[in-house]
Amino acid sequence: MKTNLLNYDLQGLTRHFADMGEKPFRAKQVMRWMHQSGAQNFDEMTDLAKSLRHKLNEQASIEIPKLMMSQESSDGTRKWLLDVGTGNGVETVFIPESDRGTLCISSQVGCALECTFCSTGRQGFNRNLTAAEIIGQLWWANKAMGVTPKNERVISNVVMMGMGEPMANFDNVVTALSIMLDDHGYGLSRRRVTVSTSGMVPQMDRLRDVMPVALAVSLHASNDEVRNQIVPLNKKYPLKELMAACQRYLVKAPRDFITFEYVMLDGINDKAQHARELIELVKDVPCKFNLIPFNPFPNSGYERSSNENIRVFRDILQQAGFVVTVRKTRGDDIDAACGQLAGQVQDKTRRQQKWQQILIGQQG
Ligand code: SAH
Ligand code: SF4
């Protein structure tokens, strides 16, 4: 079996080259070829000795996930569907804004955490993406869009808000983050790379220690009773523990606030009393709020809060001094709303079993 070099960050690549008897700077060269020049084979790497290229061809490969489909919305939003085998696909979305370009990428095929309002969660869990499949999403988007005429990167921000729970695929996500941040990779700023989690507390601590990037936490409720209903993981890590983990994260975070995501579900979590309870809940955590109008999907059983309720909710938070954004729905014509990426998931696991594995897996 050939080794897929797309699975390595610089450290892993350097180790791999050392094992091959090659110098460390070769790893940097190959990294730049793969991620900055978009090279798909070793013969393109013209500044490597022919003998090394030959050796790489024998032993290694660059396996980029195959593109199943790409779409562009009338508002400039773009979407790619990548083939991750056996009938499964994962989605990646690019959202252009005046001052930045954000790529929303997936970390798993499906998700085992079963948040009740999430179409990915409803589809069940198939498997973790490899580091190559995670970084492959940025590879494709970067290839499609390249740099601006001023030689600036079109993709300035990455958010891990596609399919899956990034913290449940910790090692592969960290490797991919490392490539995103590396100057020989995509050279993104730590402050502009965001991991979004539904609240896996031990992994939040680990991420802070090994790869502190910006953090978004899917809060969605102002008390445990409501959160237990819509984010089942809350039964394992209730709000008090989650708030404490957010505080610990901020000690080493590249930004001095946590972004709390809050999906607006009609009649469930969107009342004025919830907004007031929320203010009390987060009082010791420097934060901003991102209110996400619920994106409906068939048989979800939920409805989007009215614009009026969202406005009242936002005003209460703002009057208490919080920065609040209400997420605009983008790419509606290509179903590209964040948190709504459906992809194609063949659920081959018994959910209950997988759910338990995840909980056991995170105790260590
Ligand atoms: N698993 C991670 C990241 C992926 S989901 C997490 O849960 O944070 C990205 C965001 O979209 C999360 O805040 C998620 O709760 C939200 N989301 C999921 N389904 C949604 C829907 N139908 N409408 C609006 N937001 C949704
Ligand atoms: Fe998984 Fe996030 Fe969806 Fe919850 S909201 S099911 S954690 S992808």
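Guide: Helices (H or I, at least four residues) and strands (E, at least two) are DSSP runs, numbered from the N terminus. The model under discussion is predicted.

Visitor: Is N299 buried or exposed?

Guide: The backbone of N299 has a positive phi of about 60°, although N299 is not a glycine. Exposed means a relative accessible area over 50%. Because the relative accessibility of N299 is 74%, N299 counts as exposed.

Visitor: N290 is found in strand β13. Is N290 buried or exposed?

Guide: Leaving aside neighbours within four places in sequence, N290 is in contact with T259, F260, E261, Y262, T325, V326 and R327. The threshold for a buried residue is under 20% relative accessible area. N290 has 12% relative accessibility and therefore counts as buried.

Visitor: How many helices and strands does the protein have, and why is it described as compact as a globular protein of its length?

Guide: The secondary structure comes to 12 helices and 14 strands. For 364 residues the globule rule gives 21 Å, and the radius of gyration of the protein is close to that, so the protein is as compact as a globular protein of that length. The radius of gyration itself is 21 Å.

Visitor: What percentage of the residues in the protein is buried?

Guide: The C-alpha trace spans about 70 × 45 × 40 Å along its principal axes. The accessible surface comes to about 16,100 Å², and 47% of it belongs to carbon and sulfur atoms. Of the 364 residues, the buried share is 56%.

Visitor: Among contacts between residues at least 6 apart in sequence, what percentage joins residues at least 24 apart?

Guide: The count takes in contacts in the protein between residues at least 6 apart in sequence. Those that join residues at least 24 apart make up 67%.

Visitor: With which residue does the side chain of T92 form a polar contact?

Guide: T92 lies in strand β5, which covers residues 89-96, and at 1% relative accessibility T92 counts as buried. Beyond its neighbours within four places in sequence, T92 is in contact with residues including R78, K79, W80 and L103. The polar contact of 2.9 Å joins the side chain of T92 to that of Q137.

Visitor: What is the C-alpha to C-alpha distance between A221 and N269?

Guide: A221 is placed in the loop between β11 (214-218) and α8 (224-230); at 0% relative accessibility, A221 counts as buried. Among the residues in contact with A221, apart from neighbours within four places in sequence, are L239, Y262 and L281. A221 and N269 are 48 residues apart in sequence, and their C-alpha distance is 6.0 Å.

Visitor: How many nonpolar, polar and charged residues does the shell around ligand 2 have?

Guide: The residues around ligand 2 are C111, L113, E114, C115, C118, G121, G164, E165 and S198. By class, the shell has 4 nonpolar, 3 polar and 2 charged residues.

Visitor: What is the relative accessible area of E114?

Guide: E114 is one of the residues around ligand 2, placed in the loop between β7 (108-110) and α4 (119-123). Its phi is near 55°, a positive value in a residue other than glycine. E114 is partly exposed, and its relative accessible area is 26%.

Terms used. Residues numbered from 1 in each chain as written. Chains lettered and ligands numbered in written order. Predicted model: local features only at pLDDT ≥ 70, side-chain atom pairs only at ≥ 80, totals over all residues. Heavy atoms only, no water. Near = heavy atom within 4 Å. Nonpolar A, V, L, I, M, F, W, Y, C, P; charged D, E, K, R; others polar. Rg over C-alpha atoms; globule rule 2.2 N^0.38 Å. Buried < 20%, exposed > 50% of the residue type's maximum accessible area, 1.4 Å probe, protein only. Contact = heavy atoms within 4.5 Å. Areas by Shrake-Rupley, 256 points an atom, 1.4 Å probe, with all protein chains shown as cover. Polar contact = N/O pair within 3.5 Å; in protein donor to acceptor, adjacent residues only side chain to side chain.
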